[in-house]
Amino acid sequence: MSLPEQSTTEAVAVAPKGPQIILTGDRPTGPLHLGHYVGSLRNRVEYQHQFKQFIMLADSQALTDNMDDTNKVHRNVVEVALDYLAVGIDPAKSTILIQSQIPELAELTFYYLNMVTVARLERNPTVKTEIALRGFERDIPAGFLTYPASQAADISAFKATLVPVGEDQIPMIEQTNEIVRRFNRIADKEILVECKALVPDIGRLPGIDGKAKMSKSLGNTINLGASAAEITAAVKKLYTDPLHLRVEDPGHLEGNVAFIYLDAFDPEKDQLEEMKAHYVRGGLGDSIVKKRLEAVLQEMLAPIRARREELAKDKGYIMQILKEGTMRAREVAAQTADEVKAALGLSYF
């Protein structure tokens with residue numbers, strides 16, 4: 001299956017000439033699912049052949065709203081790394097790192113917090129939305145509120161020029177660039193670089209229940225490591241068209257999760273278009289559509305699951321990959337931190 005062509009949102013910064021650097025990653029709060037695959041993972045496999053790519057397991061950031069269950073974050077670091085390797089991310093081409101093991105990222109966050117106000121953090125649309133989703137109201141963990149500064153540290157530490165994000169995350173990229181520009185003004189030279197949001201054509205994948213977002217917390221996912229039986233059970237529960245009560249009734253494609261998934265994963269586009277036309281004019285049952293989708297998902301996920309199961313037999317190997325990647329990444333972040341401290345007059349010895 002070929003990847004969709006990528007589009008970039010309106011540039012929020014002009015990426016510097018020369019080799020482009022990508023920073024991307026995930027919060028390790030559970031195994032990855034189809035939403036992650038279509039939104040980021042399969043693109044990362046392609047990016048690693050084109051760009052210098054850093055992929056971060058953002059365990060420190062995950063603690064900002066998981067301090068009541070820190071073990072969930074700890075145990076999922078390896079689980080998410082397994083998903084990375086299973087889908088084809090090559091640690092020889094992509095640097096996979098653990099956020100908490102690079103203290104320079106926390107140090108940069110501390111400096112950047114002096115370059116942004118609480119009011120500006122609270123106005124960030126992404127932060128406001130996430131606060132509402134979690135029901136924090138005014139009981140907002142300080143670490144959660146200051147996430148934009150932390151993300152700015154993550155991005156700027158590696159001097160990333162491209163950051164793959166969904167459209168809802170664009171305000172975070174804008175705020176990163178605000179911090180970068182302010183720091184460079186203070187330093188009176190271009191030490192940090194601005195970045196550009198890279199948004200895929202295929203956006204967020206809905207959950208199997210038809211809700212807007214496939215989410216671990218909502219329990220509406222199909223995990224990348226799902227068994228054949230789990231895939232079958234999930235497809236049976238899939239939300240289709242509630243108005244399509246009889247086979248002969250005309251069906252609707254809008255909001256129909258089965259067809260949204262087929263659009264994302266079915267490689268036989270001509271056949272799929274014929275199926276859509278049949279469904280819309282009537283005479284095609286949902287069971288036939290789901291049968292096609294199940295076949296597509298089973299074929300796609302079987303090799304991923306097999307690779308994942310094989311890799312999971314040697315967790316020591318996974319940890320060695322993470323250690324080596326983190327050490328390489330720390331060298332880069334430490335160099336940036338030294339440049340930042342020197343510009344701030346904090347280099348004494």
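Biologist: Exposed means over 50% relative accessible area, buried means under 20%, and partly exposed lies in between. On that scale, is Asp188 buried or exposed?

Modeller: This is a predicted model, and in it Asp188 has a relative accessible area of 68%, so it counts as exposed. Asp188 sits in the loop between α9 (170-187) and β5 (196-198), and its phi is positive, about 60 degrees, although the residue is not a glycine.

Biologist: Where does Lys159 lie?

Modeller: Lys159 lies in the loop between α8 and β4, just after α8. With a relative accessibility of 24%, Lys159 counts as partly exposed.

Biologist: What about Thr161, which side chain does it make a polar contact with?

Modeller: The side chain of Thr161 makes a polar contact with the side chain of Gln20, at 3.1 Å. Thr161 is in the loop between α8 and β4 (162-164), and it is buried, because its relative accessible area of 2% falls under the 20% limit.

Biologist: Switching to Thr129, where does that one lie?

Modeller: Thr129 belongs to helix α6, residues 125-134, and at 43% relative accessibility it is partly exposed. A polar atom of its side chain lies 3.0 Å from the backbone oxygen of Pro125. As for Ser60, it is 69 residues from Thr129 in sequence, and the two C-alpha atoms are 21 Å apart in space.

Biologist: Now the overall layout: what domains does the domain assignment give?

Modeller: The assignment gives domain 1 as 4-205 + 315-343 and domain 2 as 225-310. Taken over C-alpha atoms, the centres of domain 1 and domain 2 are separated by 33 Å.

Biologist: What area is buried between domain 1 and domain 2?

Modeller: The buried area is about 980 Å², with carbon and sulfur atoms giving 66% of it. Within domain 1, the residues that lose the most area to domain 2 are Leu34, Ala86 and Leu205, and together they account for 51% of what that side buries. In terms of contacts, 11 residues of domain 1 touch 10 residues of domain 2.

Biologist: How many salt bridges and how many residue pairs in polar contact are there between domain 1 and domain 2?

Modeller: There are 2 salt bridges between the two domains, and 4 residue pairs in polar contact, where both residues are at pLDDT 80 or more. On the side of domain 1 that touches domain 2, the elements giving two or more residues are α1 (34-47) and α3 (70-87), and the largest share, 5 residues, comes from α3. By class, that side of domain 1 has 8 nonpolar, no polar and 3 charged residues. Asp83 and Arg308 also form a salt bridge through their side chains, at 2.6 Å from N to O.

Biologist: How many salt bridges does a search of the whole structure find?

Modeller: The search finds 18. One of the salt bridges pairs Asp65 with Arg27 at 2.9 Å, N to O, and this pair links distant parts of the chain, with Asp65 in the loop between α2 (59-62) and α3 and Arg27 in the loop between β1 (21-26) and α1, 38 residues apart. Arg27 is partly exposed, at a relative accessible area of 24%.

Biologist: And Glu310 with Lys313, are they buried or exposed?

Modeller: Both Glu310 and Lys313 are exposed, and their side chains meet in a salt bridge at 3.1 Å, N to O. Arg246 and Glu248 form a further salt bridge, in which the closest N and O atoms are 3.8 Å apart.

Biologist: Which residues do salt bridges that share partners join into one network?

Modeller: Arg27, Asp65, Glu130 and Arg134 are joined into one network in that way.

Notes: Residues are numbered from 1 along each chain as its sequence is written. This is a predicted model: local features need pLDDT of at least 70, side-chain atom pairs count only at pLDDT 80 or more; totals for chains, interfaces and linings use all residues. Side-chain values use heavy atoms; hydrogens and water are left out. Domain bounds come from an automatic or database domain assignment. Contact means heavy atoms within 4.5 Å. Buried area is the accessible area (1.4 Å probe) that two parts lose on being put together, summed over both. A salt bridge is a side-chain nitrogen of Lys or Arg within 4 Å of a carboxyl oxygen of Asp or Glu. A polar contact is a pair of N or O atoms within 3.5 Å; within protein, one must be able to donate a hydrogen and the other to accept it, and residues adjacent in sequence count only if both atoms are side-chain atoms. Helices (H or I, at least four residues) and strands (E, at least two) are DSSP runs, numbered from the N terminus. Ala, Val, Leu, Ile, Met, Phe, Trp, Tyr, Cys and Pro count as nonpolar, Asp, Glu, Lys and Arg as charged, and the others, Gly among them, as polar. Buried means under 20% relative accessible area, exposed over 50%, partly exposed in between (1.4 Å probe, protein chains only).
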